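I opened my notebook for a look through this model, one topic at a time. Come along and check each entry against the view below.

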Amino acid sequence: MDPHRVILGEADLEGHNTDWLGMVRGASKVLLKPRNTEEVSTILKYCNDRRLAVCPQGGNTGLVGGSVPVFDEIIISTSLMTEIESVDRLSGVITCQSGCVLEALDQYAAEYGLMVPLDLGAKGSCHIGGNVSTNAGGLRVLRYGSLHGSVLGVEAVLASGEIVNCLSAMKKDNTGYDLKHLFIGSEGTLGIITKIAINCPPRPQAVNLSFLGLQTFDDVLTTFREAKDKLGEILSSCEFIDSSSMQCVEENLKLKPPIEPHPFYMLIETSGSNSSHDEEKLSSFLDYALGSGIVTDGTVATEPSRMQHIWSLRERIAEALVKDGYTYKYDISLPHSEFYKMVEDMRNHLGTGVIRCCGYGHIGDGNLHLNITTQEFDKNVLNQIEPAVYEWTAKVNGSVSAEHGLGFKKRNFMHYSKSLGAINLMKQLKSLMDPNGILNPYKVLPET
Ligand SMILES: Cc1cc2nc3c(=O)[nH]c(=O)nc-3n(C[C@H](O)[C@H](O)[C@H](O)COP(=O)(O)OP(=O)(O)OC[C@H]3O[C@@H](n4cnc5c(N)ncnc54)[C@H](O)[C@@H]3O)c2cc1C
């Protein structure tokens, strides 16, 4: 392999050994950059024959310590696998290698009047292969569903080096077990994804973004319900931010919200094909929301730069929190009725021993990002949060990992959301597909 594609220097490896949050650090001595499926296959066969563990890495934006080695696993980076193989303008299917950066892939899709049905704050760095491997959710699951629906086909390489081609670009394909789903969301523990066929919807012609201020969390839920009823098919995103998260963005990133301070904020986006129709629907929804008092202030943006500013208030919260020092991060699914009680209970439970305890997230999907910060890591604070946060989630039948996955940090909490029978079946699948346990060890599955 060309020496530029074999990285050995400690300094060059530093960024690949450390996760985005700067909390999980491995000690790999080698990073390899294959260019195609055959090279991935050769590397994995070599490693499997010699029982050498590997850690697949995309953009390294994962938030659960799954993308960095735990010890000295060989890092296999998809950063050079950026080829787009085909675009079918009529069906909307794009087939590409797994190292395409999400934002670049979306810009490419735009040239054909299409959009990648996935958007998240890390879009400028994350790879589509990393997205599929984590079954990333993001800002538009409400409209386009999860990647289990949008990804039509996957090509992956097993630990043995065997290439499994499930790269169907057909929207309907019921020939046997749908094996691609095993790779979607398995975080590099069952195979390395090398190619993806993804269904891309038409790019909307008209997009509006409203930023709303609300007094109570009950008003947030009522506004969401009204938005679903009154905006119907044009509702494309519904996000929520509490005042503590907004204060963090203001203090740490010096960004300003476009309205006066409120206890809660919502971002409601519409996307459609007819701007006057969409604007009429949105303004009748806003008239109702402001008139009935469930929303007390709001503004609407249609120009890209204003929309971008408003989105940055939501998308850059994770970055702002990091600047507090240490972040205890929880990504949970909860029934809407319990959604914000979790933040309030945790805030009362922790008292003044933390900088902030805040909540934001994908309210449209029932996905809360609960974040607590301290100046530096504090074991006592961690013991106060865990396992209480997981017990609380399990009690209301929520999920301890909504969209970020389990990686290294959350794997021992899987039993709060999955039955013993399900965990045992996952372990059996792992031993079948990776009998020597070389693929991303110490991730996803709990320690025995
Ligand atoms: C600011 C910010 C905002 C975010 N917002 C969201 C959000 O809204 N929704 C959301 O779901 N996530 C979000 N994330 C988390 C993260 O961006 C996603 O998990 C993303 O999908 C990871 O992609 P990546 O290419 O960076 O993968 P990496 O971080 O490199 O890897 C993630 C996991 O996938 C495995 N992997 C990577 N590539 C492959 C491959 N080709 N084959 C097999 N396994 C592979 C890795 O081993 C690891 O286990 C956010 C992160 C940041 C930093």
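This is a predicted model: local features need pLDDT of at least 70, side-chain atom pairs count only at pLDDT 80 or more; totals for chains, interfaces and linings use all residues.

**Charged pairs**

I began with E14, which is partly exposed at a relative accessible area of 39%. My scale here calls a residue buried under 20% relative accessible area, exposed over 50%, and partly exposed in between, with a 1.4 Å probe and protein chains only.

What does E14 hold on to? I found a salt bridge between R25 and E14, with the closest N and O atoms 2.7 Å apart. The term asks for a side-chain nitrogen of Lys or Arg within 4 Å of a carboxyl oxygen of Asp or Glu. R25 sits in the loop between α1 (10-17) and β2 (31-32) while E14 belongs to helix α1, so the pair ties together parts 11 residues apart in sequence. For the element names I rely on DSSP runs numbered from the N terminus: helices are H or I with at least four residues, strands are E with at least two.

Next I looked up K123 and E315, whose side chains meet in a salt bridge at 2.9 Å, N to O. This pair links distant parts of the chain: K123 is in the loop between α3 (102-111) and α4 (128-134), E315 is in helix α11 (residues 304-315), and 192 residues separate them.

Is D178 buried or exposed, or in between? It counts as partly exposed, at 38% relative accessibility. Its salt-bridge partner is K180, with the closest N and O atoms 2.9 Å apart. K180 counts as buried, at 9%. I then followed shared partners elsewhere, and salt bridges join D119, K123, R140, E269 and E315 into one network. My search of the whole structure gave 22 salt bridges.

**An open sheet and its helices**

In which order do the 7 strands of the open sheet run? I wrote down β13-β10-β12-β11-β15-β16-β14, with antiparallel pairing. The edge strands, pairing on one side only, are β13 (297-301) and β14 (326-333). Ignoring direction, neighbouring strands are turned by 15° against each other on average. I count two strands as paired if DSSP finds at least two bridges between them.

Inside the sheet, I checked β11 (residues 235-242) and β15 (residues 356-362): they run antiparallel and are joined by 2 bridges. F240 has G361 as its bridge partner in β15.

Helix α8 (residues 217-231) packs on the sheet, touching β10 (206-214), β11 and β12 (264-272), and its direction makes about 10° with that of β12. Helix α11 lies across β10, β11, β12, β13, β15 and β16 (367-374), at about 50° to β10. My axes are lines fitted to C-alpha atoms, for helices over the stretch in contact, and angles run from 0 to 180 degrees between N-to-C directions.

**Around C358**

C358 is found in strand β15 and is buried, with a relative accessible area of 0%. Leaving aside neighbours within four places in sequence, its contacts (heavy atoms within 4.5 Å) include S244, R347 and H369. S244 is in helix α9 (residues 243-253), is buried at 12%, and among the residues it touches are R347 and R356.

**Rings**

I counted 18 aromatic pairs. Rings of Phe, Tyr and Trp (its six-membered ring) pair if their centres lie within 6.5 Å; planes under 30 degrees apart are stacked, over 60 edge-to-face, and the rest tilted.

F217 and Y340 are stacked, 5.4 Å centre to centre with 25° between the planes. F217 lies in helix α8 and Y340 in the loop between β14 and α13 (341-350), so the pair ties together parts 123 residues apart in sequence. Both F217 and Y340 are buried. F217, F240, F264, F339 and Y340 form one aromatic cluster.

My last entry is for a charge: the charged end of K230 sits over the ring of Y288, 4.1 Å from its centre. The rule wants NZ of Lys or CZ of Arg within 6 Å of the ring centre and within 35 degrees of the ring normal.

Technical notes:
Residues are numbered from 1 along each chain as its sequence is written. Side-chain values use heavy atoms; hydrogens and water are left out.
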